[in-house]
Amino acid sequence: MKVVVDTTKCKDHGQCVFAAPDVFQLGDDGHLVFDAEPDDALRDDVEEAADVCPLQAISVEG
Amino acid sequence: MNRRVVVAGASLGGLRAAEQMRAAGWTEAVTVIGDEPHMPYNRPPLSKEVLAGRASFESLAFTPKASAADVEWRLGASVTAARLADRVVELDDGSTIPFDGLVVATGMRPRRLRCAGPLAGRHTVRTLADARSLRDELTRSDARVVVVGAGFIGCEVAATAIGLGVRDVTVVDPLPLPMVGPLGELLAGSLLERHRERGVRFALGRTVRHFTGTDRVTGVVLDDGTELPADVVVESVGSVANTEWLDGNGLDLSDGVLTDDFLRVGGLPHVVAVGDVARFPNARYDDVPRRVEHWSIPTDTAKHAAKSLVAHLTGTGAELAPFAPLPTFWSDQHKFRLQSFGAPVLGRDDVRVLDGDPAGDVLVGYHRDDRLVGVVALGGPATAAKTARYRAELLKQPAPTA
């Protein structure tokens with residue numbers, strides 16, 4: 001599974017962090033960092049993160 | 001593929017309902033009907049990034065999940081009537097579609113001011129077409145803008161207009177502070193100062209008496225007789241539920257569609273409602289059904305409603321917990337963000353600063369019976385991120401009784 005975040009859309013809302021904390025985090029500066037190739041066991045969480053992103057910046061490939 | 005679920009409404013709620021029907025195990029037909037000509041798109045940027053020209057209109061389209069690839073879309077068509085007992089909907093072209101399950105996802109439309117005056121030059125912000133025509137007028141040089149209504153959309157549009165270089169922006173509202181309903185006085189006062197510092201003018205405690213102009217609007221006359229010259233008026237004065245098509249079925253449609261704890265409508269297991277048209281009880285707070293117009297609600301309601309509907313249609317009789325979402329909203333205005341979790345509106349009488357200063361970055365807690373029921377951050381992204389700790393606390397709480 002590959003996670004792609006359109007950083008031109010991302011506005012650091014952090015909703016993805018609540019949905020998939022093992023994949024997405026906000027750094028101390030409030031900006032997003034994420035694991036682009038997470039374990040497939042986390043697929044449901046990542047799908048949820050993509051759903052709740054206010055800017056719809058997250059897509060899941062593969 | 002003999003049986004069919006009809007989803008009436010093709011915005012975020014309709015899309016998520018279709019996707020969640022698949023996720024919940026429904027393998028038969030799904031038909032989504034929407035009156036706009038577009039596939040579902042994301043509305044919040046219409047008053048912000050898209051209106052400001054920082055994002056394209058095309059960038060708003062949602063990407064439906066692969067599981068929903070075989071969903072049938074009937075776009076540019078509206079549902080004009082439903083006969084729930086007969087399980088059939090009627091469309092504006094006179095055709096009918098029979099259904100086994102129905103999802104009500106027809107959403108809201110902007111409320112309009114009914115006072116006298118010309119219509120041309122007066123805008124609402126709900127659809128792509130609305131935002132396009134407003135952007136065209138805001139980007140003309142020296143436009144004078146009056147925004148009626150200091151809620152989410154009104155405040156965002158005022159901020160966006162200032163960002164576009166509009167020099168003359170006035171917000172009118174009958175209440176004494178902007179967004180005081182959702183935020184309470186402390187943050188609403190802070191919000192007012194931030195807007196004023198950036199050049200937004202306010203006429204608060206005022207209502208609109210009428211509009212001036214013959215072919216198009218030239219001014220807004222307030223209840224104290226003041227006339228605000230205006231080339232562009234934005235009406236952001238709340239919304240009206242699109243439920244007329246459900247008339248005649250014996251439903252409670254007094255403010256949206258009343259549902260039970262499982263988003264079922266009228267006690268019918270084959271009819272559910274999602275999104276901001278649904279008036280549902282939230283088991284986390286009390287048993288008072290409310291409509292919620294926040295962006296997170298279409299997705300939250302669709303997940304629960306689809307499970308409820310699929311359990312009925314497939315006869316699995318799965319035990320569902322009552323619907324108990326944790327509400328959340330945000331708003332971006334000028335360079336700052338409002339971020340909320342929980343239900344601040346239930347705790348507006350006991351507001352405490354948890355972190356920071358109302359003049360700068362601030363985090364505020366709302367309490368009921370001495371317990372935290374909501375938090376709102378106002379400031380930069382790092383402040384918004386500070387809500388995370390309190391969100392966890394709000395989630396852990398058992399659903400309190402009223």
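Reader: Which residue forms a salt bridge with Lys65(B), and how far apart are the closest N and O atoms?
Author: Glu47(A) is the partner, with the closest N and O atoms 3.4 Å apart. A salt bridge here is a side-chain nitrogen of Lys or Arg within 4 Å of a carboxyl oxygen of Asp or Glu. Keep in mind that this is a predicted model, where local features need pLDDT of at least 70 and side-chain atom pairs count only at pLDDT 80 or more, while totals for chains, interfaces and linings use all residues. Residues are numbered from 1 along each chain as its sequence is written, chains are lettered from A and ligands numbered from 1 in the order in which they are written, and side-chain values use heavy atoms, leaving out hydrogens and water.

Reader: How many salt bridges does the rule find across that interface?
Author: Five, between chain B and chain A.

Reader: And what kinds of residues does chain B bring to the side that touches chain A?
Author: Seven nonpolar, six polar and seven charged ones. In this scheme Ala, Val, Leu, Ile, Met, Phe, Trp, Tyr, Cys and Pro are nonpolar, Asp, Glu, Lys and Arg are charged, and the others, Gly among them, are polar.

Reader: How much area do the two chains bury between them?
Author: About 1600 Å², with 51% of it on carbon and sulfur atoms. That is the accessible area (1.4 Å probe) the two parts lose on being put together, summed over both. On the chain B side, Lys65(B), Trp295(B) and Arg337(B) lose the most area to chain A, together 24% of what that side buries.

Reader: Switching topic: where does Val171(B) sit?
Author: Val171(B) is in strand β11 of chain B, residues 168-173; strands are DSSP runs (E, at least two residues), numbered from the N terminus.

Reader: Is Val171(B) buried or exposed?
Author: Val171(B) counts as buried because its relative accessibility is 0%. Buried means under 20% relative accessible area, exposed over 50%, partly exposed in between (1.4 Å probe, protein chains only).

Reader: What does Val171(B) touch?
Author: Leaving out residues up to four places away in sequence, its contacts include Val147(B), Ala158(B), Val200(B) and Phe202(B). Contact means heavy atoms within 4.5 Å.

Reader: Last one: what about Leu134(B), which residues is it in contact with?
Author: Beyond its neighbours within four places in sequence, Leu134(B) is in contact with Leu51(B), His123(B), Val125(B), Val157(B), Val232(B) and Val234(B).

Note on methods. Helices (H or I, at least four residues) and strands (E, at least two) are DSSP runs, numbered from the N terminus.
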